[in-house]
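Please read the following report with the sequence and the model side by side.

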Amino acid sequence: MTKLWLCAALMLALAPLGEGQELAATPPMGWNSWNHFACKVTAGDIRAAADAMASNGMKEAGYTYVNIDDCWQGKRDAQGNLHPNARFGDIKALVDYVHSKGLKIGIYSSPGPQTCAHHEGSYQHEAQDAKQYAAWGIDYLKYDWCSASQVYKPSQMPEVYKKMHEALAATGRPIVYSLCQYGMERVWQWGPGVGGNLWRTTGDISDHYDRMALIGFQQNGLQSFAGPGHWNDPDMLEVGNGGMGHDEYITHMSLWAMLAAPLLAGNDLSKMSAADLAILTNKEVIFVDQDAKGVQGHRVAQQGPLEVWAKPLADGSYGVGLFNRSESPAPVTLELKDIGISGSAQIRDLWAHRDLGSFTGSYTVTVAKHGAALLKVK
Ligand code: GLA
């Protein structure tokens, strides 16, 4: 009997993902250690993030992956097996802990000899490392170009990324594959073909409005490359890290939702304000990001620093973002014809959780400096 059960469980675990079970069918949601902890990260920080995510409403809102970024690595042994450093100790125990919270866990490496923070990369150890991740129970890999530029030509990127995809696939474990090479070589064109579930489209974000806005708004034009299972990644969230004001974080979260971007929180989840938690867990905003149609939004109108973005949703309605990139409050207008509506439309404010009523022709609202309004328009 036990044998039968074991056999069934094994078959289930090894079965190819069926229809509707595609990896990253909606943009991955979770947390990553880099933006807040950088190279000081410890296993304790990862456990604390999992504890917080499982108990503060984030898990219910859809956050799933707890991702270790750079700086977990120690040395390779005589057999070439990579061991964690002393701050991490036992990765399997950490994985089991995160899994015990009903969450998934990610890890980080580079196709080069060294990662960006000069730790051991996976160069010439691809299959061995992939097997190790699977044996630990890892669910997500961020694979960061870094020193690969010293051993490969840029034109080799697709084959280099494909090599790790094949190594991961050979383990039989579903592992979300995150390509990180800062948008070089028009990765959005070949990312899906090499098994990427998401790919960074830009250099690193920082916790400043100008940098976040530059990265986010420049995603316009890439919308045709995103879809279920394969997403443009304008980098992780900075909400809660303290470098931006409330309205700026509202813009950050609204824009990432409009972009169907991966939502990977990057703050210290164990010490966050109620206001930042409310931004990260607004279910109506997350709903726009996670909509099953999987269409990335784009800009439909612009008047200088005032921008209107739209994202078609599965139920036939639109997510609409009204953004004010200027230095003072300003009225921003949605012309309904810009989203193909000729009659009247019902509009709901997703940050206020309030139905605004029926509008004909246009809708105008005053938006704070560096702020945003996020609407559902039917
Ligand atoms: C690069 C990546 C970052 C982070 C660091 C780690 O800069 O773009 O997201 O992973 O490396 O060293």
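His-370 is buried, because its relative accessible area is 7%; buried means under 20% relative accessible area, exposed means over 50%, and partly exposed lies in between, with a 1.4 Å probe and protein chains only. This is a predicted model, in which local features need pLDDT of at least 70 and side-chain atom pairs count only at pLDDT 80 or more, while totals for chains, interfaces and linings use all residues. Residues are numbered from 1 along each chain as its sequence is written, and side-chain values use heavy atoms, with hydrogens and water left out.

Helices (H or I, at least four residues) and strands (E, at least two) are DSSP runs, numbered from the N terminus. Most residues other than glycine have a negative phi. His-370 is not a glycine, yet its phi is positive, about 60°. His-353, also not a glycine, has a positive phi of about 55°. His-353 is placed in the loop between strand 15 and strand 16, and its relative accessible area of 43% makes it partly exposed.

Strand 15 (residues 344-349) and strand 16 (residues 354-360) run antiparallel and are joined by six bridges; two strands pair if DSSP finds at least two bridges between them. The two strands form a hairpin with four residues between them. Asp-349 stands opposite Arg-354 of strand 16.

The table sets out two helices. The expected span of a helix is 1.5 Å times one less than its number of residues.

| Helix | Residues | Number of residues | Span, first to last C-alpha | Expected span |
|---|---|---|---|---|
| Helix 3 | 43-55 | 13 residues | 18 Å | 18 Å |
| Helix 10 | 246-258 | 13 residues | 18 Å | 18 Å |

How many of the 13 residues of helix 10 are buried? Eleven are, so helix 10 is largely enclosed by the rest of the structure. Among them are Tyr-249, His-252 and Trp-256. Just after helix 10, Ala-260 has a positive phi of about 50°.

In helix 3, the buried residues are Ala-43, Asp-45, Ile-46, Ala-49, Ala-50, Ala-52 and Met-53. An α-helix has 3.6 residues a turn, so residues three or four places apart point the same way. The buried residues of helix 3 pack against several elements, including strand 1 (29-32), helix 2 (34-37) and helix 5 (91-100). Helix 3 is followed by Gly-57, which has a positive phi near 100°.

Val-288 is located in helix 12 (residues 283-290) and counts as buried because its relative accessibility is 1%. Apart from neighbours within four places in sequence, Val-288 is in contact (heavy atoms within 4.5 Å) with Ala-257, Met-258, Lys-311, Leu-313 and Leu-350.

What is the order of the eight strands in the open sheet? The order is 9-8-7-6-5-2-1-10, and the pairing is parallel. Strand 9 (231-233) and strand 10 (263-265) are at the edges with a single partner strand each, so one side of each has no neighbour in the sheet. On average, neighbouring strands of this sheet are turned by 25° against each other, direction ignored. Strand 5 and strand 6 (residues 140-144) run parallel and are joined by four bridges. Gly-106 stands opposite Tyr-140 in strand 6.

Helix 7 (residues 157-170) lies across strand 6 and strand 7 (176-180), at about 165° to strand 7. Axes here are lines fitted to C-alpha atoms, for helices over the stretch in contact, and angles run from 0 to 180 degrees between N-to-C directions.

**Aromatic rings**

A search of the whole structure finds 13 aromatic pairs. Rings of Phe, Tyr and Trp (its six-membered ring) pair if their centres lie within 6.5 Å; planes under 30 degrees apart count as stacked, over 60 as edge-to-face and the rest as tilted. The ring centres of Tyr-143 and Tyr-161 are 5.8 Å apart with planes at 90°, so this pair is edge-to-face. Tyr-143 lies in strand 6 and Tyr-161 in helix 7, so the pair ties together parts that are 18 residues apart in sequence. Both Tyr-143 and Tyr-161 are buried. They belong to one aromatic cluster, whose members include Tyr-123, Trp-145 and Trp-190.
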